[in-house]
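Biologist: Hi, I'm new to this one. Could you walk me through it?

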Amino acid sequence: MASVPADPNQAHAESIADAKRLMRLARTGALATLEAPEGAPLTTLIGVASDFDGAPLILMSTLSRHTRNLARDPRASLLLTGRHDRGDPLNHPRISLSGRVERSADARAKIRYLQRNPKAALYAGFADFALFKLRIDDVHFNGGFGRAAPLSPAEVLASREGEAALAHSEERLIGAVNALGEAKLARLAGHKALRPVWRAIGLDAEGLDLAAGGRAARLQFAMPAHDPEAWRARLDALLVAG
């Protein structure tokens with residue numbers, strides 16, 4: 001069982017960091033919507049990714065039962081969990097995000113979704129599929145036994161400052177990261193072995209997302225970077241420190 005820091009401020013900071021990490025790493029989630037007319041809940045498994053600020057992006061068919069529910073009542077709750085191959089699943093972090101699901105017309109958001117869920121490209125262009133975003137109103141985080149923490153949307157969402165500049169430079173920056181070689185990419189992903197082969201797939205002001213097949217990894221900066229030069233400086237500093 002993970003130990004709980006004695007300092008409440010440290011424990012809260014760790015909860016925020018774990019919550020942010022879960023939101024960036026999750027590729028699937030359990031979405032609860034409300035059925036009509038009784039309002040009974042329906043929970044379905046969906047694919048997810050994170051927008052620039054960390055809010056969940058969801059690609060859904062407008063023909064799906066949960067999408068029809070959202071058209072009547074946009075209120076929903078999304079449960080995200082981390083990957084855990086060993087131990088008690090209830091002693092691993094999870095987060096429930098509640099709010100309203102809205103259709104997104106942001107082309108950049110769709111690119112982010114497909115960067116993190118490349119197999120969805122097979123159907124993302126179908127006429128009945130559309131991208132949606134969860135506007136978070138409430139956060140329920142549980143880091144494992146004894147680690148439940150009340151968090152606010154402002155604590156788990158990143159600032160959108162510098163988004164346009166970083167998005168404009170993302171392809172160049174990601175190309176430079178992937179040119180570092182397999183060994184450095186594995187280090188950035190938090191792994192010592194060269195297999196599986198990791199690659200950078202996307203970025204935001206707070207860090208870098210990496211993938212190796214169906215596996216995901218996150219490099220989180222200690223401080224956000226709101227322009228391409230600062231972003232690259234943060235990355236270089238971590239490479240030197242590592």
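Modeller: Let's start inside: the lining of the largest cavity divides into four nonpolar, no polar and four charged residues. Here Ala, Val, Leu, Ile, Met, Phe, Trp, Tyr, Cys and Pro count as nonpolar, Asp, Glu, Lys and Arg as charged, and the others, Gly among them, as polar. Keep in mind that this is a predicted model, where local features need pLDDT of at least 70, side-chain atom pairs count only at pLDDT 80 or more, and totals for chains, interfaces and linings use all residues. Residues are numbered from 1 along each chain as its sequence is written, and side-chain values use heavy atoms, with hydrogens and water left out.

Biologist: Which residues line the largest cavity?

Modeller: Phe 52, Arg 108, Arg 112, Glu 163, Leu 166, Ala 167, Glu 170 and Leu 203. A cavity is a set of points on a 1 Å grid over the protein atoms alone where a 1.4 Å probe fits but cannot get out, and lining residues have an atom within 4 Å of a point.

Biologist: Which element gives the most to that lining?

Modeller: Helix 5, with four residues. Helices (H or I, at least four residues) and strands (E, at least two) are DSSP runs, numbered from the N terminus.

Biologist: How much space lies in the largest cavity?

Modeller: About 50 Å³. A volume is the space filled by probe spheres set on the points, with grid points joined across faces, edges and corners.

Biologist: And what lines the second largest cavity?

Modeller: Lys 20, Met 23, Arg 24, Asp 53, Gly 54, Val 156, Ala 158 and Glu 206. Helix 1 (residues 8–25) gives the most there, with three residues, and the volume is about 30 Å³.

Biologist: Back to helix 5. At what angle does helix 5 pack with helix 7?

Modeller: About 35°, with the axes of helix 5 (residues 163–178) and helix 7 (residues 228–241) 10 Å apart. Axes are lines fitted to C-alpha atoms, for helices over the stretch in contact, and angles run from 0 to 180 degrees between N-to-C directions.

Biologist: Which residues make the contact?

Modeller: On helix 5, Ala 165, Leu 166, Ser 169, Arg 172, Leu 173, Ala 176 and Val 177; on helix 7, Pro 228, Trp 231, Arg 232 and Leu 235. Contact means heavy atoms within 4.5 Å. By class, the residues of this contact are eight nonpolar, one polar and two charged.

Biologist: New topic: what order do the strands take in the open sheet of three?

Modeller: The order is 8-9-10, with antiparallel pairing. Strand 8 (199–204) and strand 10 (215–220) are the edge strands. Two strands pair if DSSP finds at least two bridges between them.

Biologist: How many bridges join strand 8 to strand 9?

Modeller: Five, and strand 9 covers residues 207–212. Gly 202 stands opposite Asp 209 in strand 9. Helix 7 lies across strand 8, strand 9 and strand 10, at about 65° to strand 9.

Technical notes. 1 Å grid on protein atoms, 1.4 Å probe; cavity = no way out; pocket = protein on both sides within 12 Å on 5 of 7 lines; lining within 4 Å.
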